Amino acid sequence: MPTTPRRLLTLTLCIAFSLALAWAGFPAAIVRADEPAQSAAADPPKGQRVYSIGHSFHVYMPNILTQIAHLAGIADHQQVGLSSIGGSYVMQHWDAAGDQFKSKATLESGKLDVLTIAPLFLPDEGIEKFVHLASEKCPQIRVLVQEFWLPFDVNVNFRNGKPPAPDRNVFDPQKLEAEHDAYFHGIDELVRTLNEKYQGKPAVFVVPVGQAVLALRKQIADGTVPGISKQTDLFTDAIGHARPPLEVLVAYCYFAEIYGRSPVGLPVPPALVRVVDEETTDKLNRLLQEIAWTAVTTHPLSGVTAK
């Protein structure tokens, strides 16, 4: 399995090629970057019914994903529900009294195409609880497990003790990569284990959000991100809650993975409007699309490739 440094090198090298990526079917394929998004949207894929489970690094995503899907001409995309608990393990969603958020009932209905899950740290028995229920009641779905960016920039479970606030004005890529690598490895191994155990019913995939964020942060450090000059421009606080550009990057990763299509060339979603001036926003939007597509298509457990 590639280490995080190798993944970031791959992401950086692939960004140059992502200008040549536009719409593709599922699985994805390489097409012309100058093909207008409107013509690609003339034959949109079937909308997916999505249910999401997670914490504050995830729960803004469904609304932005819906915006992006509609911009892509996917009018029948449907967010059917959301289980939102701040700072949560997946097990807390499983244990929600009376199935508070209807997550179990939604799976049991069988009327679902995609389940997105954002764990906090491992171990977390709730992930397999939902996968097991899906295997019995909704085996045709895809389960997407989010690898996120680490709170406080360190691989320390803040539920067991709050780490010191990071100095994000100092960008140390080697330290960031080292902190994230063990976390990424743990999620990857869990996904492999679940797929082996359940034989792809349901199929479980990784959404490499954390890798996309690290790639964006590297470009910020290099001074190549339109409208963003500081690492702190991505976050609202020391823990790492997302500002709009980061939120949109996350949603583009999910769009690419759920629909197997490049978001490159889509219009600016409402979530990114007025973040900076219009011309800069257009450039920033395209870069976020490129980074997301490259992250998804270079991760071996995403289920999406660029060829």
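Close-up 1. With a relative accessibility of 43%, K175 is partly exposed. In this predicted model, K175 pairs up with E179 in a salt bridge, and their closest N and O atoms sit 3.7 Å apart. Why can these two reach each other along the chain? They are 4 residues apart in helix α7 (residues 173-198), so about one helical turn separates E179 from K175. E179 is partly exposed too, at 22% relative accessibility; the cut-off for buried is under 20%, so E179 doesn't count as buried.

**Close-up 2. R192 meets E189, also in helix α7.** Here the salt bridge between the two side chains spans 2.8 Å, N to O. R192 and E189 are 3 residues apart in the helix, which again puts about one helical turn between them. Both ends are partly exposed: R192 has a relative accessible area of 29%, and E189 has 33%.

**Close-up 3. E279 and K283 in helix α10.** Have a look at helix α10 (residues 278-298), where E279 and K283 lie 4 residues apart, about one turn of the helix. Their side chains form a salt bridge at 3.5 Å, N to O. How accessible is each end? E279 counts as exposed at 52% relative accessibility, while K283, at 48%, counts as partly exposed.

**Close-up 4. A network built from D153, R168 and R217.** Salt bridges link these three residues, D153, R168 and R217, into a network.

Note on methods:
Residues numbered from 1 in each chain as written. Predicted model: local features only at pLDDT ≥ 70, side-chain atom pairs only at ≥ 80, totals over all residues. Heavy atoms only, no water. Salt bridge = Lys/Arg side-chain N within 4 Å of Asp/Glu carboxyl O. Helix = DSSP H or I, 4+ residues; strand = E, 2+ residues; numbered from the N terminus. Buried < 20%, exposed > 50% of the residue type's maximum accessible area, 1.4 Å probe, protein only.
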